[in-house]
Amino acid sequence: MKQAVMADPGKMEEGLAHEQGKEKHDGKVMGKKGAGAEDIIENEKEEKIELQQNLEQQPLVKQKTKRVATLDAFRGLTIVLMILVDDAGGAYARIDHSPWNGCTLADFVMPFFLFIVGVAIALALKKIPKINAAIKKICLRTLKLLFWGVLLQGGYSHAPNDLVYGVDMKQIRWCGILQRIALVYFIVALIETLTTKRRPTVLEPGHLSIFTAYRWQWIGGFVAFVIYMTTTYSLYVPDWSFVDDKGHRYTVKCGMRGHLGPACNAVGYVDREVWGINHLYSSPVWQRLKACTHSSPSSGPFREDAPSWCRGPFEPEGLLSSIMAILSGTIGIHYGHVLIHFKGHRERLKQWVSMALGLLIVAIILHFTDAIPINKQLYSFSYVCFTAGAAGIVFSGLYILIDVWGFRTPFLFLEWIGMNAMLVFVLGAQGILPAFFNGWYYESTNNTLVSNIILLVAFDHLSFIEKHQLTE
């Protein structure tokens, strides 16, 4: 029993007290045995108490990742914004994608997603125990995104209006939202993984230490920038032709370099050469330009004198523009690195807001001096700066509300959407959920549950208006 008492290293003070008691009552053997038994019982009680304390401390560990709530809320807000502009953009053209130069509410969705991807990569790859396993996981996630992107936006699904599925492989669209996210995720995450041994655990003093510590990430973004700018302004774009849905052939006259208009830009030329003209998006937003329709900025019939390129295809998520989009992910991962290395709210917000304001200033100068217009379709450098700066401001604002002021409850719905972003994207943004409801019809596919509900609501609305007019 003496050994059992002395073997307990966690009760040193009780052990010493026991030895003192033993010196005073050396002749009382039964007292020693009773004290040893009591010590064993006390040890068991304290082990239970320690176990309970560990279980109680587990939620505290989760609270350390409270900053992720801001990221989930931002992701959820972006999903909601995407669904809003997709559904309401047709009725309110001012919030739909800009026909060419400029930036509307819808034009923030894609760069916001890429910004979020960058922040998430920094947090997810904070510690990499096995580089090969991490690379394998990155490749698998990239392939999953590519698969779902082609399936949902390649033309296979005709939801929600048509209750059919299938796509002609001669017309399949290879590019899309998820495909661009997959490319940016793959490049940015791969750089983050391969440079894990070069990361500092503690930043060196200096305002630029956060940039120099992750120089390889910025080098990757700079390489993407150089590839885009060099190709955009130096690649010769020849004449090109296409055939519309009615079988009419049109020819677009180009023969120039560095053009940033709809017809003869290098971004579209690269996609026509790489993917093939039949695999591009057939209804580009430039069809809402004044040169194409009198209904501009809304959609409408083509003008009789509309140039031939108005009817041509263009890929808004093409290869060259997606290379430039890597820079959006690079800026996002920088915000994630700030989140990791700076522990105080003031220091984090100082880094985030200052960079966001700098990006916004650069974008505004480039746009209004006509040096590089803000253009989502081309994914221009000014567009990257403007949308990344806006993302930084929104992210900082959510961080203040949720993490600094503690207003988390009003954003729980956005957090839930953010944590289930892929599910909401597939069901809501890609029309799968409306297609499910449209699948319930009576006798005719035009007599669906959704159409009857719409007619019922419209009838009730008209009846209310008529009654209101009669009472007046």
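1. To start with a question: what is the handedness of the disulfide of Cys-254 and Cys-264? The torsion about the S-S bond is about -85°, so this disulfide is left-handed. Please keep in mind throughout that we are looking at a predicted model.

2. Staying with that bond, the sulfur atoms of Cys-254 and Cys-264 sit 2.1 Å apart. The pair joins distant parts of the chain, ten residues apart. Cys-254 belongs to the loop between β3 (249-252) and β4 (256-257), while Cys-264 belongs to the loop between β4 and α10 (266-274). Both Cys-254 and Cys-264 are buried.

3. The structure has two disulfides, and Cys-292 with Cys-310 makes another one, with 2.0 Å between the sulfur atoms. For Cys-292 and Cys-310 the angle about the S-S bond is -80°, again a left-handed link. Here the partners are 18 residues apart, and both Cys-292 and Cys-310 lie in the loop between α10 and α11 (319-341). Like the pair in the previous point, Cys-292 and Cys-310 are both buried. Counting bonded cysteines along the chain, the pattern of the disulfides is 1-2, 3-4.

4. Cys-175, at 5%, counts as buried.

5. Now to strand β3, where Thr-251 is found. Is Thr-251 buried or partly exposed? Its relative accessibility is 42%, so Thr-251 counts as partly exposed. Leaving out residues up to four places away in sequence, Thr-251 touches Trp-240, Ser-241 and Ser-308. I would also display Thr-251 together with Trp-309: the two are 58 residues apart in sequence, yet their C-alpha atoms are 7.9 Å apart in space.

6. Next, the second largest pocket, which has a volume of about 950 Å³. It is lined by 33 residues, and those closest to its centre are Val-117, Ala-120, Arg-141, Leu-145 and Tyr-185. By class, the lining of this pocket comprises 24 nonpolar, two polar and seven charged residues.

7. Which helix gives the most to the lining of the second largest pocket? That is α6, with eight residues. Helices that each supply at least two lining residues include α4 (67-88), α5 (109-124) and α7 (177-194).

8. Why does Thr-142 count as buried? Its relative accessibility is 8%, and buried means under 20%, so Thr-142 falls in that class. A polar atom of the Thr-142 side chain lies 2.8 Å from the backbone oxygen of Ile-138. Setting aside residues up to four places away in sequence, Thr-142 touches Ala-182, Tyr-185 and Phe-186.

Note on methods. Residues numbered from 1 in each chain as written. Predicted model: local features only at pLDDT ≥ 70, side-chain atom pairs only at ≥ 80, totals over all residues. Heavy atoms only, no water. Buried < 20%, exposed > 50% of the residue type's maximum accessible area, 1.4 Å probe, protein only. Polar contact = N/O pair within 3.5 Å; in protein donor to acceptor, adjacent residues only side chain to side chain. Contact = heavy atoms within 4.5 Å. Disulfide = S-S within 2.5 Å. Helix = DSSP H or I, 4+ residues; strand = E, 2+ residues; numbered from the N terminus. 1 Å grid on protein atoms, 1.4 Å probe; cavity = no way out; pocket = protein on both sides within 12 Å on 5 of 7 lines; lining within 4 Å. Points joined across faces, edges and corners; volume = space filled by probe spheres on them. Nonpolar A, V, L, I, M, F, W, Y, C, P; charged D, E, K, R; others polar.
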